[in-house]
Amino acid sequence: MADLTGKRALVIVEGYGTEEPELLQPVEFLRERGAEVDIAAAQNPIDCVTGDRYDSRQIVPDKMLAETGAEGYDVLIVPGGTVNMDRLRINPEAHRIMREFMEAKKVVACICHGPWLLVNAGVAEGKTVTSCEFNRIDMENGGFVWVDEEAHVDDSDGQTLITSRCPDDLPAFCAAIEAALA
């Protein structure tokens with residue numbers, strides 16, 4: 001287990017339809033290793049789901065999207081949830097945050113439908129990614145090379161981009177984030 005004391009993570013979501021395990025497992029994983037984690041959302045509270053359709057719990061975000069950016073953070077984490085990402089991928093604040101992290105060459109980690117934000121923010125074309133299989137064509141049409149892996153790390157161009165497919169792959173996703181921050 002790496003000591004991530006002093007590292008800071010930002011997790012961004014729209015608010016409704018966020019896949020609970022994809023939001024909370026990376027947060028808990030990083031906090032257990034000493035990292036500080038902030039959750040930012042477009043709405044308060046965050047209405048989580050499990051299995052992409054079953055209502056789960058509500059989470060109060062630490063910040064709103066408009067109040068944050070890449071400054072002071074080491075990693076951006078984008079959880080999935082189809083409805084969450086369908087809304088987040090068209091949110092101008094989410095685009096701004098993603099662009100700031102990519103331009104600063106900070107670690108970016110997206111899981112499941114999370115990579116949709118890369119396409120809509122117009123960043124990272126040409127990178128190799130994985131995602132929920134339903135997003136494969138969107139990712140390829142957005143200029144990405146798509147692979148079917150638990151977690152894929154693309155370190156090209158001095159930019160670390162971590163992508164993963166689904167909640168079942170959270171252990172590999174979290175381990176890749178840990179390795180990138182250690």
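Tutor: Buried means under 20% relative accessible area, exposed over 50%, and partly exposed in between, with a 1.4 Å probe and protein chains only. This is a predicted model, in which local features need pLDDT of at least 70, side-chain atom pairs count only at pLDDT 80 or more, and totals for chains, interfaces and linings use all residues. Residues are numbered from 1 along each chain as its sequence is written, and side-chain values use heavy atoms, with hydrogens and water left out.

Student: What percentage of the residues in the protein is buried?

Tutor: The protein has 182 residues. The buried share of these is 53%.

Student: Why is the protein described as being as compact as a globular protein of its length?

Tutor: Helices (H or I, at least four residues) and strands (E, at least two) are DSSP runs numbered from the N terminus, and the protein has 6 helices and 12 strands. The globule rule, 2.2 Å times the number of residues to the power 0.38, is set against a radius of gyration taken over C-alpha atoms. For 182 residues the rule gives 16 Å, and the protein is as compact as a globular protein of that length because its radius of gyration is close to this, at 14 Å.

Student: Is Asn141 buried or exposed?

Tutor: Asn141 lies in helix α5, residues 136-141. Its relative accessible area is 65%, so Asn141 is exposed.

Student: How many residues in the lining of the largest pocket are charged?

Tutor: On a 1 Å grid over the protein atoms alone, a pocket is an open set of points where a 1.4 Å probe fits, with protein on both sides within 12 Å along at least five of seven lines; lining residues have an atom within 4 Å of a point. The largest pocket holds about 170 Å³ of space. Its lining has 13 residues, and Asp52 and His113 are among the closest to its centre. With Asp, Glu, Lys and Arg counted as charged, the lining divides into 5 nonpolar, 4 polar and, as asked, charged: 4.

Technical notes:
Grid points are joined across faces, edges and corners, and a volume is the space filled by probe spheres set on the points.
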